[in-house]
Each structure stands twice: as structure tokens, then as C-alpha cells.
Amino acid sequence: MAMILSYVEPPEDVLALMKEHCEVQIARPRKQKELFYQYLQEADGLYGAGLKVDDALLDQAPNLKVVSNVSVGYDNLDVKAITNRGIIATHTPEVLIQTMADTMIGLMIATARRMPELDRFVKEGNWKKPLSSHYFGTNIHHKKLGIIGMGRIGQEVARRAAFGFHMDVMYHNRSRKPEAEKETGAVYADLDDLLETSDIVMVLTPLTKETRGMIGAEAFQKMKRDAIFINGGRGPVVVEEDLIHVLQERWIKAAGLDVFEKEPVDSENPLLQMDQVVTLPHLGTATHETRHAMYVDAAKQCVDGVLGKTPKHVISV
Ligand SMILES: NC(=O)C1=CN([C@@H]2O[C@H](COP(=O)(O)OP(=O)(O)OC[C@H]3O[C@@H](n4cnc5c(N)ncnc54)[C@H](OP(=O)(O)O)[C@@H]3O)[C@@H](O)[C@H]2O)C=CC1
Ligand SMILES: O=CC(=O)O
């Protein structure tokens, strides 16, 4: 019987789904290193999220047929190394779009309206009189949102922004999205133009060789002094040191971050000390419903790959 090695703890029903077709073993690559590599020698499928899968790991996995990521982002996978060995890589792009778009809108509003800061203000007993203008936030409705990475999630954010909040949407990709332009009125812009004119700059690109460090001091310098910066893509798309500097120097107004250069973030990271920064623990898709749907989607694809069928969302190089 084929075997799937899971390095995450799937919900019971998802485990049962996989076990209908295969043997499933669960082992953590760090906590149970020896056991993990023992199972890896036999595994036909590898299931989980975030593990670096490269030649070094694949050398230990001679039977592998499929690597199934429980996420849409696959910067943890060396897709070339995987596919060169005739192994299929899969991910879960569809089931999380709506939740992730909700998160981005929530983060944008929380940052612009200073909600976490003012939540602390109330809970710490500081609300003794009507709120002074010192604590006022910034509108997001009717503002200009610049989306860098207008893919599945970016387009869903654009819909919410345009139809829900009357925002003007600008976007930057390497390629244009004529249908999204038509539907939401989004305007294509080169990166500099987007940075210079957006009230809110939102990053939703994958982490690739090209996007790593794409937003650094030079990019921040181009933004408006009252711009709000939101990152929901991946931490290393941004040069975090530069972001810290521009926030300290008040080159931009505020930032909302769901992703960081190092996760979990270090407790001494200066971003955690800044009132104008909203920090989330990479919770973009973290609802019960969506995480469950991701587990199911990835499990089905892992089973398909192991059984020699073509999974729904195969990643190509
Ligand atoms: N915070 C969280 O919890 C989550 C984070 N994510 C992150 O969001 C990312 C996007 O997901 P999704 O929308 O499904 O992905 P898509 O692939 O649908 O969209 C990504 C977009 O980024 C653009 N892009 C890629 N490279 C570049 C580049 N060098 N310069 C400019 N634009 C670029 C692509 O356009 P083009 O190819 O034309 O350039 C594409 O439109 C994921 O890869 C993941 O990293 C996703 C889910 C949850
Ligand atoms: O970060 C989450 C993902 O699905 O990618």
C-alpha cells in the first residue's frame, strides 16, 4: 500500500480521507528528525506546509511521487528539483482566496483606523474622555489602493476595495489583467507610478528570486509620506530593515503586516514596539473553515498523486 508522510497534524476526518487510499505516517522533521527521515525513505507522498523541499531532502525520498503543499505559496519548494525527478508538486490556490482577501481588507482598515492601538488604549483604562484628534485615523474609502501582485487574491481584494469601499485601484504585475481592469476599474501601473501615487500600497506577490527584496529603501522613498503599507505576500519580499527604518523616520505613516522576514517574529523585533504598525501572526487563511478546506484539498491531491492520477493544482516550473 502506498504511504503518505504528513509533517503536519491533519484533522481526523482528513486523516481518514487519506487512509481510505493509503497508509499515513505522521512525523515532524525537527522534533522527530530520525523518524521523519526513516519514513521519508519509503514515502510515496509528502503532505504539509512550509518544509523546505530541495535536492538534499529529495535525495532521502527515493519513492516520492507527489509533494502536496497545504498552502498556495510554494516558496518552500524547489519546484525545478522536484519536477526534474518526475515528482509532482501541488498547492491549494482556490479554497483560500476569499478568506485571504477578507484578511487583507481587515488589516488595511485596522491599520488605517489604528484599531489594535486603540483597543489597547481602552483596555489599559486610558479612555477617560472623548477621543482626542491625536488618535484619529485615516479614511480608506475613496482612497487609492495600489496592489502589487494582482493575482487570484489581489483581484478579490480589488473587488472588495472597488465595490465595497469605493476605492480607486491601481495594480502592478509583470503582465496585465484586462478582465480585472474591466470588472473593477483597476488601472495598470508601473511599480514607480504605483508607489508614488497610492495612498495604500499592498503587497500580494509570491516570494520568488525576482520579488525577494523588491520593496526596500528605494521603494519606500517613493511612497507618499502619509502612505500606509500592507504586506500579505511573504516577509522577504520586503527588506525588513529598511521598513523598520522608514517607520522610525516617519517616511510613511503606518504598516500592517501579516508576514515577516523571520516567522515567528523575534520578540525584540523593533516593529513590535511601534504603535503605527499592526502585526498579525501570518493568519491570512486562519479560519476553521478555510484551513479545513486547505487540508482537504491538499489531501485529495496527495492521494491522487500517489495513485498516479493528475491532481487538480499541479505547480509547474
Ligand atoms: N499571508 C497569508 O496567510 C497568505 C499569503 N499568501 C501569499 O500570497 C501570494 C499570492 O497568492 P495568489 O494571489 O494566489 O497568487 P497568484 O499567483 O494568483 O498571484 C500572484 C501575482 O503576483 C504577480 N507577480 C509575480 N511575480 C511578480 C513580480 N516579479 N513583479 C510583479 N508582480 C509579480 C503575478 O503576476 P505576473 O506573473 O503577471 O507578474 C500574479 O498576478 C502567495 O504566493 C503567498 O505568498 C497567500 C495566501 C495566504
Ligand atoms: O501563506 C499561506 C499560503 O497559503 O501561502
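## Chain, sheet and ligand shell

Biologist: What share of the contacts with a separation of 6 or more comes from residues 24 or more positions apart?

Modeller: Such residues account for 64% of those contacts in the chain. Two residues are in contact if their C-beta atoms, placed from the backbone, lie within 7 Å. This is a predicted model, where local features need pLDDT of at least 70, side-chain atom pairs count only at pLDDT 80 or more, and totals for chains, interfaces and linings use all residues. Residues are numbered from 1 along each chain as its sequence is written, while chains are lettered from A and ligands numbered from 1 in the order in which they are written.

Biologist: How is the chain divided into domains?

Modeller: Domain 1 takes 3-95 + 289-306 and domain 2 takes 97-279, with bounds from an automatic or database domain assignment. Their centres, taken over C-alpha atoms, are 32 Å apart.

Biologist: And how many residues of each domain are in contact with the other?

Modeller: Five residues of domain 1 and six of domain 2.

Biologist: Changing topic, in what order do the strands of the open sheet run?

Modeller: The seven strands go 8-7-6-9-10-11-12, with parallel pairing. Strands are DSSP runs of E with at least two residues, helices are runs of H or I with at least four, and both are numbered from the N terminus. Two strands pair if DSSP finds at least two bridges between them.

Biologist: Which strands stand at the edges?

Modeller: Strand 8 (187-188) and strand 12 (277-279) each have a single partner strand, so one side of each has no neighbour in the sheet.

Biologist: How many bridges join strand 6 and strand 9?

Modeller: Four, between residues 144-148 and residues 200-203. Leu-145 of that pairing stands opposite Ile-200 in strand 9.

Biologist: Which residues are closest to ligand 1?

Modeller: Gly-73, Gly-151, Arg-174, Pro-206 and Gly-284, out of 30 that surround ligand 1. To count as near, a residue needs its C-beta atom, placed from the backbone, within 6 Å.

Biologist: Which helix gives the most to that shell?

Modeller: Helix 7 (residues 152-165), with three residues. Domain 1 and domain 2 each supply at least three residues to the shell.

Biologist: Last one: where does Lys-312 lie?

Modeller: In the segment after helix 12 (288-306). Lys-312 is partly exposed, with 14 other C-beta atoms within 10 Å; buried takes 20 or more, exposed 12 or fewer, and partly exposed is in between, with C-beta atoms placed from the backbone.
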